[in-house]
Amino acid sequence: MISKKARVYIAGHKGLVGSAVLHKFQKEGYANLITRTRQELDLTERGLVEKFFDKEKPEYVIIAAARVGGIKANMSYPAEFLYENLMIQNNLIWVSHLKGVKKLLFLLSSCIYPRECPQPMKEEYLLMGKLEPTNEGYAIAKIAGLKLCEYIHRQFKKRFICAMPATIYGPNDKFDPEVSHVLPALIIKFLEAKYNGSSSVEIWGTGNVRREFLFVEDLADALFFLMQNYDDKSFINVGVGSDITIKQLANEVCKLTGFGGKIKFDVTKPDGMPRKLLDTSRLKAYGWRPKVTLEEGLKRTIDWYKNL
């Protein structure tokens with residue numbers, strides 16, 4: 001167990017996942033939590049990261065900091081997604097190693113599994129096929145970070161672990177049409193259409209691809225659990241064990257937002273990976289289960305956005 005007096009650095013505490021992780025640790029009674037905003041600390045600058053570690057001396061590190069975005073952003077800025085994420089994670093992981101951090105958790109993304117991956121996706125299926133082209137830059141960066149943690153674990157016997165979550169959603173997500181993931185994008189579209197009196201909403205792709213959605217508070221709970229209980233060098237999947245089509249998701253968001261018009265799918269736009277359902281049997285064997293249903297999570301996310 002991690003002492004409640006331990007110095008825990010949560011990188012990316014203003015983002016979707018980081019903010020939920022910060023809240024979870026606060027709720028559990030941890031008082032020495034270390035945070036920095038992007039303006040206070042540029043994680044792409046190795047020298048600045050080293051000075052920060054020398055000053056704050058974190059004992060435990062959770063990396064939720066990353067450049068993230070939906071399919072449109074990944075297709076538009078693949079170079080930035082590769083370069084910036086490599087810099088951020090390499091600096092944090094390697095400096096944590098050099099400065100004697102006791103345990104580190106690096107957050108992955110299920111989009112790094114092969115595009116045509118067998119379903120549900122088991123941990124051993126990673127790197128068994130070609131990546132999804134629309135997010136290849138981001139995926140390559142995450143795979144590099146995963147391998148760096150794995151090698152440090154193996155070579156230096158340090159507890160540097162990785163967690164692979166399903167598609168995350170919830171309060172503090174990015175509700176910006178240019179960079180948002182599928183769920184925030186749908187919420188924006190349906191609410192704007194409702195308020196503007198539009199007769200229809202257009203959605204990218206066929207609507208037939210399937211996605212597994214994990215509420216961010218459940219992920220934070222899982223990451224806290226892993227920091228306390230998991231030390232294996234192999235990454236571990238974190239999900240709910242079921243998925244739905246984007247068409248089903250759109251219909252659910254349509255209902256919950258109260259939009260009464262039609263839903264149109266632009267089949268000229270890309271779908272992304274056909275399916276991303278995680279096999280979570282390893283995590284279940286450790287005793288962790290999600291608590292929030294998709295319907296409850298959607299309601300809470302929509303209410304949060306409407307109250308901004």
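Biologist: How do you know that the sulfur of cysteine 117 is too far from the closest cysteine sulfur for a bond?

Modeller: In this predicted model, the closest cysteine sulfur to that of cysteine 117 is in cysteine 111, 12 Å away. A disulfide needs the two sulfur atoms within 2.5 Å, so 12 Å is too far for a bond. By this rule the count of disulfides comes to zero. Cysteine 111 is in no disulfide either, its nearest cysteine sulfur being that of cysteine 117.

Biologist: Are cysteine 111 and cysteine 117 buried or exposed?

Modeller: Buried means under 20% relative accessible area. Cysteine 111 has 6% and therefore counts as buried. Cysteine 117 has 7%, so cysteine 117 counts as buried too.

Biologist: What does the side chain of asparagine 135 reach in cysteine 111?

Modeller: The side chain of asparagine 135 reaches the backbone oxygen of cysteine 111 at 3.5 Å. A polar contact asks for N or O atoms within 3.5 Å. Leaving aside residues up to four places away in sequence, asparagine 135 touches Asn74 and Cys111. Asparagine 135 is found in the loop between β4 (103–107) and α5 (136–156).

Biologist: Why does asparagine 135 count as buried?

Modeller: Its relative accessibility is 11%, and the cut-off for buried is under 20%. Asparagine 135 therefore counts as buried.

Biologist: What else is found in the loop between β4 and α5?

Modeller: Proline 120 lies in that loop, and the peptide bond from glutamine 119 to proline 120 is cis, with omega near -10 degrees. Leucine 127 also has its place in the loop between β4 and α5. Leucine 127 is not a glycine, yet has a positive phi of about 65 degrees.

Biologist: Why is lysine 157 called exposed?

Modeller: Exposed means over 50% relative accessible area. Lysine 157 has 68%, so lysine 157 is exposed. This lysine sits in the loop between α5 and β5. Lysine 157 has a positive phi of about 60 degrees although it is not a glycine.

Biologist: What makes strand β5 largely enclosed by the rest of the structure?

Modeller: Strand β5 covers residues 159–165, and six of its seven residues are buried, so the strand is largely enclosed. Five bridges join β5 to β4, and the two run parallel. Lysine 103 stands opposite arginine 159 in β5, and phenylalanine 106 stands opposite cysteine 162 in β5.

Biologist: In what order do the three strands of the mixed sheet come?

Modeller: The order is β11-β8-β13, and the sheet is open. Its edge strands, β11 (244–245) and β13 (275–276), each pair on one side only. Two bridges pair strand β8 (residues 210–211) with β11 in the antiparallel sense. Arginine 211 has isoleucine 244 in β11 as its bridge partner.

Biologist: How many aromatic pairs does the structure hold, and what makes the pair of tyrosine 9 and phenylalanine 53 edge-to-face?

Modeller: The structure holds 14 aromatic pairs. In the pair of tyrosine 9 and phenylalanine 53, the centres are 6.1 Å apart and the planes stand at 90 degrees. Tyrosine 9 lies in strand β1 (residues 8–11) and phenylalanine 53 in helix α2 (residues 46–56), so the pair ties together parts 44 residues apart in sequence. Both residues are buried. Tyr9, Phe52 and Phe53 form one aromatic cluster.

Biologist: Why is the pair of phenylalanine 175 and tyrosine 305 called stacked?

Modeller: Stacked asks for planes under 30 degrees apart. Here the planes are at 15 degrees and the ring centres 4.4 Å apart, so the pair is stacked. The pair links parts of the chain 130 residues apart: phenylalanine 175 is in the loop between β6 (167–169) and α6 (182–196), and tyrosine 305 is in helix α10 (residues 294–306). Phenylalanine 175 is buried, with a relative accessible area of 16%.

Biologist: What makes the charged end of lysine 24 sit over the ring of phenylalanine 224?

Modeller: The charged end of lysine 24 is 5.3 Å from the centre of that ring, and the distance cut-off is within 6 Å. The charged end of arginine 67 likewise sits over the ring of phenylalanine 81, 5.2 Å from its centre.

Note on methods:
Residues are numbered from 1 along each chain as its sequence is written. This is a predicted model: local features need pLDDT of at least 70, side-chain atom pairs count only at pLDDT 80 or more; totals for chains, interfaces and linings use all residues. Side-chain values use heavy atoms; hydrogens and water are left out. Rings of Phe, Tyr and Trp (its six-membered ring) pair if their centres lie within 6.5 Å; planes under 30 degrees apart count as stacked, over 60 as edge-to-face and the rest as tilted. Helices (H or I, at least four residues) and strands (E, at least two) are DSSP runs, numbered from the N terminus. Buried means under 20% relative accessible area, exposed over 50%, partly exposed in between (1.4 Å probe, protein chains only). A charge sits over a ring if NZ of Lys or CZ of Arg is within 6 Å of the ring centre and within 35 degrees of the ring normal. A polar contact is a pair of N or O atoms within 3.5 Å; within protein, one must be able to donate a hydrogen and the other to accept it, and residues adjacent in sequence count only if both atoms are side-chain atoms. Contact means heavy atoms within 4.5 Å. Two strands pair if DSSP finds at least two bridges between them.
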